[in-house]
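Please keep the sequence and the structure in view while reading.

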Amino acid sequence: MSTTYLLKGATLPDGSGADILIADGRIVSTTRGTDAAGAVVVDAAGLVALPGLVDLHTHLREPGFEQSETVLTGTRAAAAGGFTSVFAMANTMPVSDTAGVVEQVQSLGDAAGYATVRPIGAVTIGLAGERLSEIGAMAQSRAAVRVFSDDGKCVHDSLLMRRALEYVKTFDGVIAQHAQDPRLTENAQMNEGALSSELGLKGWPAVAEESIIARDVLLAEHVGARLHVCHLSTAGSVDVIRWAKARGIQVTAEATPHHLLLTEDLIRSYDARYKVNPPLRRDEDVQALREGVADGTIDIVATDHAPHPRESKESEWDAASFGMVGLESALPVVQTALVDTGLLGWNDVARVLSTTPARIGRLNGHSHSFEEGAPANITLVDPADRSSFTLDRLAGKSQNTPFDGVTLSGRVRWTFHHGFPTLRDGELAPVEEAAEHARDLAFGLAREGVPARG
Ligand SMILES: NC(=O)N[C@@H](CC(=O)O)C(=O)O
Ligand SMILES: [Zn+2]
Ligand SMILES: [Zn+2]
């Protein structure tokens, strides 16, 4: 038996007021003045209701790197950050390059109950960049994979990239490219420029990203397939995507929260919390990325949540791992960088953090609208909160955030996944309750004949 909830006095993304009534995992109505006997009332006055957030780029680390994160802990972090769906990157151990591994990740997500998990399949076997993985088998598996990526590595071989695009085109899939020319970035440690010379760290030039994107959009045009570009970090990359879109090429692009707020100057501290791939860039790049999101050149914000254990971040700069956790801080960073600056309204936030990533990943059957009858995937945000981001707000296994002690606006208070509150006024649902929700959901979807996937 699922509980009925009434989210009283919420503000929808378009600014209108709503009392959102949820029953049996679905939105029953959003009419103001609704009263429902027996419903648990959530005081949503002053809170913005967003469609459940969707992250197209999450590293859940399982199987293989469970000391950093697991599907369970990573989806708890997702719920804490307002996410109701995450796409799990393929750089696991073993790599998610077979139907067996993607089905395993899918099952772990289905059982945990904190968010919908959609596995991403590797483009090449073992991410080695030499031979295509079993893309068709992953697409046809129970996990119904639609997004393929060697993220962490670039699909550098042009012929392989062409073949991969041709392959996914047959089932409306997409290749998500980590755009990094490997030869131009051997041993690279930070953005290439005056500061890398000053600090004595090997540079990662902007052209190593931009040249791969330029090649890939031309390949996508030639093949007529969908390309998605991960974590754009330079002003030049925004220009290339803008050009490609004007030409009608089917390309989408993402920016991470950290690239929208932070610059390379932080690296003066040699604190490896700021070490990430692609690297933090210059202020001009941050401004260009923000403008790119505002004008739609950049379609989505994706976290690139990349957990790493303490040891691998406490070593000297050159030896430390690349990556930052990001699920719990994403919404506050987006509000701070894009909403407070007047670049985006809440409707746009709903678009870049929910509706569009869902569409790019072909996340069907997981509606993100507030229409009656839609699955109740909802995030309640307190936009008036302005506070120092602290480590106790992290719900995953790793603590490698660059935002510790940074003042940010906006705080996620409630997250509903198919009508189940995974986050309750800032508190995560207990593991056993989420697992029970997962069982109910699997049973309910099976009974309705709705494929649990997609
Ligand atoms: N972003 C990172 O710095 N690291 C990611 C890999 C990646 O997204 O390229 C990771 O898996 O740790
Ligand atoms: Zn990457
Ligand atoms: Zn990544």
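This is a predicted model: local features need pLDDT of at least 70, side-chain atom pairs count only at pLDDT 80 or more; totals for chains, interfaces and linings use all residues.

Once neighbours within four places in sequence are set aside, the contacts of H57 are F87, M89, C230, E254, A302, T303 and D304.

H59, by contrast in its setting, is placed in the loop that runs between β6 and α1 (71–80). H59 also counts as buried, because it has 28 C-beta neighbours inside 10 Å. Not counting residues up to four places away in sequence, H59 touches M89, N91, H305, A306 and P307.

## The annotated binding site

Both histidines carry an annotation from UniProt: in an unreviewed entry, "binding site" covers H57, H59, D151 and D304. These positions are spread over 248 residues of sequence, yet they cluster in space, with a largest C-alpha distance of 9.8 Å. One of them, D304, is also among the contacts of H57.

Which residues are found around ligand 1? They are H59, N91, D151, G152, H178, V276, N277, D304, A306, F322 and G323, a shell that divides by class into 3 nonpolar, 6 polar and 2 charged residues.

## Helix α1

Helix α1 is mostly covered, with 10 of its 10 residues buried. Those buried residues include V71, L72, T73 and G74 towards one end of the listing and A77, A78, A79 and A80 towards the other, with T75 and R76 also among them. Just after α1, G82 takes a positive phi of about 90 degrees.

## Packing of α6 against α7

Helix α6 (residues 206–223) packs with helix α7 (residues 235–246) at an angle of about 10 degrees, and their axes are 9 Å apart. Angles under 35 degrees count as roughly parallel, and α6 and α7 are therefore roughly parallel to each other.

The contact is formed by A206, E209, E210, I213, A214 and V217 in α6, which meet G236, S237, V240, I241 and A244 in α7. By class, the residues of this contact divide into 7 nonpolar, 2 polar and 2 charged.

Definitions and conventions. Residues are numbered from 1 along each chain as its sequence is written. Chains are lettered from A and ligands numbered from 1 in the order in which they are written. UniProt positions are given in the numbering used here, feature names are shortened, and annotations may be inferred rather than shown by experiment. Two residues are in contact if their C-beta atoms, placed from the backbone, lie within 7 Å. Helices (H or I, at least four residues) and strands (E, at least two) are DSSP runs, numbered from the N terminus. A residue is buried if 20 or more other C-beta atoms lie within 10 Å of its own, exposed if 12 or fewer, and partly exposed in between; C-beta atoms are placed from the backbone. A residue is near a molecule or strand if its C-beta atom, placed from the backbone, lies within 6 Å of it. Ala, Val, Leu, Ile, Met, Phe, Trp, Tyr, Cys and Pro count as nonpolar, Asp, Glu, Lys and Arg as charged, and the others, Gly among them, as polar. Axes are lines fitted to C-alpha atoms, for helices over the stretch in contact, and angles run from 0 to 180 degrees between N-to-C directions. Angles under 35 degrees count as roughly parallel, over 145 as roughly antiparallel, 65 to 115 as roughly perpendicular and the rest as oblique.
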